[in-house]
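This report covers selected features of one structure. Please view the sequence and the coordinates before reading on.

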Protein chains: 2
Amino acid sequence: MAKANITPRAEDYAQWYLDIVAAAEMAENSGVRGCMVIKPYGYAIWEAIQAALDRRIKATGHSNAYFPLLIPKSYLMKEAEHVEGFAPEVAEVTRAGGEELSEPYVIRPTSETIIGVSFAKWIKSWRDLPLLINQWANVMRWELRTRPFLRTTEFLWQEGHTAHATEEEAERETLMILNDVYADMVERVMAIPVLRGLKTEREKFAGALRTYAIEAMMQDGRALQAGTSHNLGQNFARSFEIKYTTADNREEFCWTTSWGASTRLIGALIMAHGDDDGLVLPPELAPVQIVCVPIYKTDDERGAVLAAINRLTENWGARFRWKLDDRAHLTPGFKFNEWEVKGVPLRIELGPRDIEKGTVALSRRDMPGREGKSFVTQDGLTERIEQLLAEMQQTLYDRALRFRAEHTFEAADYEEFKARVQQGFVHVYWAGTGADEDQIKTDTKATVRVLPFDQSETEGRCFYTGQRTKQQAIFARAY
Amino acid sequence: MAKANITPRAEDYAQWYLDIVAAAEMAENSGVRGCMVIKPYGYAIWEAIQAALDRRIKATGHSNAYFPLLIPKSYLMKEAEHVEGFAPEVAEVTRAGGEELSEPYVIRPTSETIIGVSFAKWIKSWRDLPLLINQWANVMRWELRTRPFLRTTEFLWQEGHTAHATEEEAERETLMILNDVYADMVERVMAIPVLRGLKTEREKFAGALRTYAIEAMMQDGRALQAGTSHNLGQNFARSFEIKYTTADNREEFCWTTSWGASTRLIGALIMAHGDDDGLVLPPELAPVQIVCVPIYKTDDERGAVLAAINRLTENWGARFRWKLDDRAHLTPGFKFNEWEVKGVPLRIELGPRDIEKGTVALSRRDMPGREGKSFVTQDGLTERIEQLLAEMQQTLYDRALRFRAEHTFEAADYEEFKARVQQGFVHVYWAGTGADEDQIKTDTKATVRVLPFDQSETEGRCFYTGQRTKQQAIFARAY
């Protein structure tokens, strides 16, 4: 049964999403157009995502740094495709310190241009390469239609920027980030399976040679781009004069990459795992993995129950992120509801009868109601919970993978495509042009999400143009 | 002997500072007025400061959250003193998405106003109090004269914002942050002793009831404000309608606080411990605590030396932050210099003769030259290093404390004051007015840094007005 303040998914999926964001106290709108306030619970989830990404970014040899928020407008103008892509959606600072500025600044929509200026200074010889930098920052893109986490005017992200001596090394970096940093984090920590592949020309980053992406399926069958990695070729290197001297003393332009993942990931998390009762968090990511709710009537009972919980949880500090909810003025039912809405993986109840019997009641968030509740002995509880958390992590991943398989279709022709793409991903042979993509988007709202890495060797017929081709594509409506 | 690219302190202290920032690759100027680029080594130090502060902020019950970068100009106007203090130095966004905005936004110079709007929504009853929030963010104040880390147009900081039911609780919070979070971190982790006390009316935060600060002495005798904590009284609560219902159902305004520490702390670090050879980092904070430099001539020697280092450092991953500098194209001398400039606490050299003798050469950064170099046995090296790092942490703190004591003076009259305040802190009886403070600043550039908590009970004569008073003050020229 759905919670009173959460619209069921089947009734109105978009409203369900907004209700979860509000009920789980993740974010709220602000007085600034399109900007949200990320509330403590939402921010704790972002901190967990940050930590998991930052660990991987550093383990693969990158260092964090910080570049200015403001970008001189002239920098943005230097790369032709880039300015065309971003100029329409920037916010501009035209006054400061009480005076009109002679040259306006834009608030960074992304930092290729300002970082390009630094890279040109930092890189002299082949020994300075590869240069592997990452930045955690806020960026701003003036969007017309916004939705918390999914699309906001200001958002938080990391943006990696690297420079290499050869095209091959830049390509290897671009793919390594996609696979070993983004896909690895999203699949293992967030328990969301992703498709990996190349973006079409129409969908690539403004100024890139090639954009790769990971795409996740939400429970309404739509796609959410969960991370992108761009091989920028020598485009930005030429615009910003990022050059190096080779071992045999020639001067060459560098090959650069950039890649980003943002607070959008929190939107993916909600829509990949959430249910009609609220958020469902994978244990690896959950800020609180276990909540203990004491059950008692009298003060004596309260004392005994809290003492029993104390004993049981003695060594949990180093093993689990857990919380004792001992708020005296709230009923257990109220607490159950609150932690369910917030998606805490495991709930433990312990009352006077449990003390007698040496048991606790254990409820799994991923299995609502009776199915997920069991009474287990206090002996060996810690090990049992460790097992259970690992099992739940796998269950969530498997469930999302099964859901995606059940909502991924083929389509022999455009009519079949139109029907199928309303229900999920459509995996097709594709030989169309950018103009064809535009037409399909106009007709169906669907776009090519990726040309997946995982391509079969066989040839087939393009559902749209009828041409024979080996190229396959995943189409979907996207967030 | 000073390094070629670092001006000695005695020759030009301000240039010495800039030289260290450049030579240690901490930051550089950008194309944006007054904004710096924080380079990887500088940012790693900021990450260490962040981690140490964040741990303390969370341990004292605060949660992180995130509020918009932009503030509607009308919000800033709501608290009279606040707007007067900050309006002259804000940057304004007047165009966005290609259109003029009907109401301009300012880039946050600090977030009391935008957070006040959220607090008014979040707080309903006494049960919602205290509300304890912190934000890690970039802020912007359009400064005329900037210097890397010390004063930049954009800087990174944390800003805590809390709301309480009573004045007493708000005061307790304000002081707890000053003592248990800021002073504790700066003294224990950064090894910089601080004075704690109250700011005068003239020096307090715009809109606060009372501002408390910690002040550190730099090696030129000037003060650096290393953290401030403000009791905002009910000023912001009244302007933003931050109200709560008491247990007996009355409506009351909350009492709020705010407190911040920023990338300025990196400036303090440089100027408290640095020497003519470069940065000197306290082991607790250093991103790299130990660097190992292999000494060899032939490839065979190289193999044997690296194998020996491998054996010695086997279990260091969990104990130390350490680095093997095995770059083959650089001489040991070049490496020594680089890590000295970067302030790495300990250097270990190991060569073929050390393998024979079962020793390593150990060099302490806090004792340059022969005095800090010793040859020790490989047996028990790990334990010896642990001891040594703890000892160096204490040494740096003690040295800074002694320096402060040697540069803190008394002054019986204004003539003596004028001479003394060029050399360090002046600890005096003080019964002057705000106008007197202005006059003293005009005459000497010195300001009241704090009315220290540590006040003696005896009465004395104010050096400036000649009045008898119990109040004492610390004057200094400040960064």
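## Helix α1 of chain A

Just after α1(A), A:Glu25 takes a positive phi of about 55°. Helices here are DSSP runs of H or I with at least four residues, strands are runs of E with at least two, and both are numbered from the N terminus. The model is predicted: local features need pLDDT of at least 70, side-chain atom pairs count only at pLDDT 80 or more, and totals for chains, interfaces and linings use all residues. Residues are numbered from 1 along each chain as its sequence is written, with chains lettered from A and ligands numbered from 1 in the order in which they are written.

Helix α1(A) covers residues 13–23, and A:Trp16, A:Tyr17, A:Asp19, A:Ile20 and A:Val21 are buried in it. Burial is judged from C-beta atoms placed from the backbone: a residue with 20 or more others within 10 Å of its own is buried, one with 12 or fewer is exposed, and one in between is partly exposed. The cover over the buried residues of α1(A) includes β1 (27–29) and α8 (264–273) of chain A.

## Symmetry and the interface

Chain B superposes on chain A by a rotation of 180° with 0.0 Å of shift along its axis, at an RMSD of 0.0 Å. This is therefore the relation of a two-fold axis. In chain B, the C-alpha of B:Val93 is the nearest to the axis, at 2.2 Å. Both copies use the same surface, since 100% of the contact residues of chain B recur in chain A. The superposition is by least squares on the C-alpha atoms of residues with pLDDT of at least 70 in both copies.

At the interface, 38 residues of chain B are in contact with 38 residues of chain A, contact being two C-beta atoms, placed from the backbone, within 7 Å. On the side of chain B that touches chain A, the elements giving two or more residues are β2 (36–38), α2, β3 (63–64), β4 (70–72), β5 (91–96), α5 (112–122), β7 (131–140) and β8 (154–164) of chain B. The most comes from β5(B), with six residues. By class, this side of chain B has 23 nonpolar, nine polar and six charged residues. Ala, Val, Leu, Ile, Met, Phe, Trp, Tyr, Cys and Pro count as nonpolar, Asp, Glu, Lys and Arg as charged, and the others, Gly among them, as polar.

## Packing of α2 in chain B

Helix α2(B) (residues 40–59) and helix α6(B) (residues 167–188) have axes that come within 9 Å and cross at roughly 155°. Axes are lines fitted to C-alpha atoms, for helices over the stretch in contact, and angles run from 0 to 180 degrees between N-to-C directions. The two helices, α2(B) and α6(B), are therefore roughly antiparallel; this word applies to angles over 145 degrees, with under 35 roughly parallel, 65 to 115 roughly perpendicular and the rest oblique. Contact is made by B:Ala52, B:Leu53, B:Arg56 and B:Ile57 of α2(B) and by B:Asp180, B:Val181, B:Asp184 and B:Met185 of α6(B). By class, the contact has five nonpolar, no polar and three charged residues.

Helix α2(B) also packs with helix α8(B) (residues 264–273), at an angle of about 105° and with the axes 10 Å apart. The pair α2(B) and α8(B) is therefore roughly perpendicular. From α2(B), B:Gly42, B:Ile45, B:Trp46 and B:Ile49 take part in this contact, and from α8(B), B:Leu265, B:Ile266 and B:Leu269. The contact of α2(B) with α8(B) has six nonpolar, one polar and no charged residues.

## Backbone features in loops

A cis peptide bond, with omega about -5°, joins A:Leu129 and A:Pro130. A:Pro130 is in the loop between α5 (112–122) and β7 (131–140) of chain A. In chain B, B:Leu129 and B:Pro130 are joined by a cis peptide bond with omega about -5°, and B:Pro130 is in the loop between α5 and β7 of chain B.

B:Asn249 is not a glycine but has a positive phi of about 70°. Its place is in the loop between β12 (243–245) and β13 (251–253) of chain B, and B:Asn249 counts as exposed because it has 8 C-beta neighbours inside 10 Å. B:Lys445, also not a glycine, has a positive phi of about 70°. B:Lys445 is in the loop between α14 (434–444) and β22 (446–452) of chain B and is partly exposed, with 13 other C-beta atoms within 10 Å.
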